Amino acid sequence: MRNWMSVVLMSVAMAACHPRYVPLDERGVGGSGGLDSIRARILACIAARNYDQAREYLKLAANMADDEVARFEQMISAGERGLVPFLEKALPHIFRAKPGHFPVETAAARELIQVTVTEANFVGIRAGGSTVYQRILDTGAQVWVYVFEGAIRDAGLNAVPRTAEQLLKSR
Amino acid sequence: MTTMEPEQAYRAMMTFLWGLWDRTKQPGELGIFCDMCSYIPGVGTADPAMWYDWLAVVKTLQTGLPVSDAESATLTPAALKPLDSEKGYIAMLEFIREYWERVGRPAEIGDLLGQMRYTPGAGTAEPEMWKRWLAAMEEVRANPSSTSNA
């Protein structure tokens, strides 16, 4: 009976975990075997909003590079703050050494993009359905972000800011 | 044979893609892709990188050599040759395919690539696609007002 109740309680607890992040099978986690497992667990915890557990797993990742640890810490923090997440599959498109983009996925770049997605920075909705946000940094550069169905699909940094009209013009 | 400058071919591609999107106007992967690729003459593409991705695809098609990210950022249309209708179509296919690969192969774009598949001598998997491409090129030729980008 007690075992049966445990199963029920576990099921209720799992159902209550409303994912804030794209499901695990939507993500790319490459790398070595042990770290892969830890990465997957951290992402699963973030998806389940279990941020304390995510931090515990991050502590186990002794061999993880400092920049990757910083990225995971930023992901956990962003989740805690309820920031709009990235669609993990879009990351190779968002972070690349091309004009208008952040060349590398760093914690700082992720943070700059995610904190741009606020009501105050809303520009409008493009013809294809992407919601556009922008803000001007102290450097004068413009962070731009496309959001679709609750996830960041594209983003970057314009050295020369574009007007709202230019950010929304489709054809 | 009529040819188009790379910028005209890009505009024809966008006319083609928006035309496909207009069939349903359902928000989804094609709509997002069109949003990113939207082109404003004199300004560039909505996602600035898409323009350089296009130029890199055209250069690779014309030279057979891969183009690095660093090199693509320095490309200009003037450095490239005009494209005929077939080469323009193949460049479009490759441009879409590269994006599809980069973002984890979304099914909607994959289906579109399947319909657009091109076999020299046989045409496109979905015959309507080639007709749409020719119509898009004609539309751009009929409306050549545009300034060179980047």
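Predicted model: local features only at pLDDT ≥ 70, side-chain atom pairs only at ≥ 80, totals over all residues.
**Entry 1: chain A overall**

I began with chain A. It has 7 helices and 4 strands. I read along the sequence and noted the pattern α-α-α-α-α-α-β-β-β-β-α. Then I looked up burial. Of the 171 residues of chain A, 33% count as buried. I also checked contacts with a separation of 6 or more in chain A. Residues 24 or more positions apart account for 52% of them.

**Entry 2: helices α3 and α4 of chain A**

Next I took helix α3 (residues 51-60) and helix α4 (residues 66-80) of chain A. Their axes come within 10 Å and cross at roughly 175°. Angles over 145 degrees count as roughly antiparallel, so α3(A) and α4(A) are roughly antiparallel to each other.

I listed the residues that meet. α3(A) brings A:Tyr51, A:Ala54, A:Arg55 and A:Leu58. On the α4(A) side I found A:Val69, A:Phe72, A:Glu73, A:Ile76, A:Gly79 and A:Glu80. I sorted the residues of this contact into 6 nonpolar, 1 polar and 3 charged. I recalled the general rule that an α-helix has 3.6 residues a turn, so residues three or four places apart point the same way.

**Entry 3: the sheet of chain A**

I moved on to the strands. In chain A, 4 strands form an open sheet in the order β1-β2-β3-β4, with antiparallel pairing. The edge strands are β1 (122-125) and β4 (151-158) of chain A, and each pairs on one side only. Neighbouring strands of this sheet are turned by 20° against each other on average, direction ignored.

I looked at one pair in detail. Strand β3 (residues 142-148) of chain A pairs with β4(A) in the antiparallel sense over 7 bridges. A:Val145 stands opposite A:Ala155 in β4(A).

**Entry 4: A:Gln134**

I picked one residue of strand β2 (residues 131-136) of chain A, A:Gln134. Buried would take 20 or more.

Leaving out residues up to four places away in sequence, I found that A:Gln134 touches A:Thr116, A:Asn121, A:Val123, A:Gln142, A:Val143, A:Trp144 and A:Leu167. I also looked up A:Leu157. A:Gln134 and A:Leu157 are 23 residues apart in sequence and 9.5 Å apart in space, C-alpha to C-alpha.

**Entry 5: a helix of chain B**

Last, I turned to helix α1 (residues 6-22) of chain B. It has 17 residues and reaches 24 Å from its first C-alpha to its last, close to the 24 Å expected at 1.5 Å a residue. I found 13 of the 17 residues of α1(B) buried, so this helix is largely enclosed by the rest of the structure.

Definitions and conventions:
Residues numbered from 1 in each chain as written. Chains lettered and ligands numbered in written order. Axes fitted to C-alpha atoms, helices over the stretch in contact; angles between N-to-C directions. Helix = DSSP H or I, 4+ residues; strand = E, 2+ residues; numbered from the N terminus. Parallel < 35°, antiparallel > 145°, perpendicular 65-115°, else oblique. Contact = placed C-beta atoms within 7 Å. Nonpolar A, V, L, I, M, F, W, Y, C, P; charged D, E, K, R; others polar. Pairing = 2+ DSSP bridges. Expected span 1.5 Å × (residues − 1). Buried ≥ 20, exposed ≤ 12 C-beta atoms within 10 Å, placed from the backbone.
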